[in-house]
Amino acid sequence: MRLFNPWAMGQDQTKQQIEKGLHLYQSNQTEKALRVWMRVLEKSADPAGRFRVLGCLITAHAEMGRYKDMLKAHHVIRLQEKFAVVQIDTARELEDPDFLTESYLNLARSNEKLCEFQKTISYCKTCLNMQGTTVSMQLNGQVSLSMGNAFLGLSIFQKALECFEKALRYAHNNDDKMLECRVCCSLGNFYTQIKDYEKALFFPCKAAELVNDYGKGWSLKYRAMSQYHMAVAYRKLGRLADAMDCCEESMKIALQHGDRPLQALCLLCFADIHRSRRDVQTAFPRYDSSMSIMTEIGNRLGLIQVLLGVTKCWMIQKELDKALESIEKAQELAEGLGNKLGLLKLHCLCEKIYRTKEQQRELRDHVVKFHECVEEMELYCGMCGESIGEKNNQLQALPCSHFFHLKCLQTNGTRGCPNCRRLSVKPGYV
């Protein structure tokens, strides 16, 4: 029970101050918005208002990448996660199942940003098992998206795609264009990883269309996000000028909004573009800048990608021992996260290095580990037996979310999935 405080904010004042903070935040006056919301959190006597302001703080800290550690009860707790935990306590105080579902979703998102993917999946499952009202049901699309991103971080591709399909259905059924835009960006990332670069470009282009058609009142982060994923796909397709244009636009917005996570990703993309041009000397400082921000915000998955790029630069310069040093750092991160695709790429690079160095025992070891990763991730076509993700190939998913070479499905038909034997008469949703 709270003691009476004559200086406490009432319900109306709390609402006004939250709106004031939102106006400041949307006007890129981020620090002022945070000060307003923190004052509401300290002074408001309205539990529902406190819940809402905690949601604003969580979102703002996520977008800015403010995961700096705070000490609490002698344990290191990241700021965004702390707000999410407090929000859960507030929801329980209110005894509102919708608020509780939303607070667990925010906790899941916090852990997703911190690359704690198993925790993310666990909190998402908690959300889906809650018996809330229709408001909670409307959050299920966002829950499915967060869970899909976590499965993708763990390289569990079938489950990731299944979650993204569910999220996209929720978006379509509820006419939620913002959610659809976010799912399209995640699908772009998904298809980039398994190397269907046509789809990797198609989905962020679709996201950009949604921003243009419906995003007049949206945050610019949606445009920045779609442009970044387009840049990645363009680079993979060898369209480096288009990649640079999209990445520059994304970076401009990220700098305006103080979006540190996106700044780090753009710097990584810039570095990759320069490496694709064989301009290693320009790539290295951009990798260093990206690594610095990703270390600061705790993006370990991004750090793996940076170290992969750095390794390839050393290989271009034939500095194989330095390349192996970068691989060792990346391998430690990938094993800690459970990112199997990262490990596969590292074994592939080691195979090339040890073949060049003519070290046969190490070469055989990494060839074996490479194929173990392929088997574990099921990165092969169940129809032709050839690997998926080794080179750019058009892929198609079935309703069970297993995916195959498009040419194999066209040749053999889609009467059933050879992986799970589930009958299917048409291709999947995405």
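Predicted model: local features only at pLDDT ≥ 70, side-chain atom pairs only at ≥ 80, totals over all residues.
Residue numbers start at 1 along each chain as its sequence is written, and side-chain values use heavy atoms, with hydrogens and water left out. Local features need pLDDT of at least 70 and side-chain atom pairs count only at pLDDT 80 or more, while totals for chains, interfaces and linings use all residues.

View A. A pocket here is an open set of points on a 1 Å grid over the protein atoms alone where a 1.4 Å probe fits, with protein on both sides within 12 Å along at least five of seven lines; lining residues have an atom within 4 Å of a point. Of the 13 lining residues, Ile 156, Phe 157, Gln 158, Met 377 and Glu 378 lie nearest the centre. Helices α9 (157–173) and α19 (360–377) each supply at least two, and α9 gives the largest share, three residues. Helices are DSSP runs (H or I, at least four residues), numbered from the N terminus. By class, the lining has five nonpolar, four polar and four charged residues; nonpolar means Ala, Val, Leu, Ile, Met, Phe, Trp, Tyr, Cys and Pro, charged means Asp, Glu, Lys and Arg, and the others, Gly among them, are polar.

**View B. Helix α8 against α9.** With axes 8 Å apart, α8 (residues 140–153) packs on α9 at about 160 degrees. Axes are lines fitted to C-alpha atoms over the stretch in contact, and angles run from 0 to 180 degrees between N-to-C directions. The pair is therefore roughly antiparallel (over 145 degrees; under 35 is roughly parallel, 65 to 115 roughly perpendicular, and the rest oblique). Phe 157, also close to the pocket centre, is one of the α9 residues that meet α8; contact means heavy atoms within 4.5 Å.

**View C. Helix α18 against α19.** The axes of α18 (residues 340–357) and α19 come within 8 Å and cross at roughly 155 degrees, which makes this pair roughly antiparallel. Among the contact residues are His 347 and Tyr 354 in α18, and Phe 370 and Met 377 in α19. The tally for this contact is twelve nonpolar, two polar and six charged.

**View D. Helix α16 alongside α18.** Here the axes of α16 (residues 300–316) and α18 come within 11 Å, crossing at roughly 10 degrees, so the two are roughly parallel. The α16 side of the contact includes Ile 304 and Met 315, and the α18 side includes Leu 346 and Ile 353.
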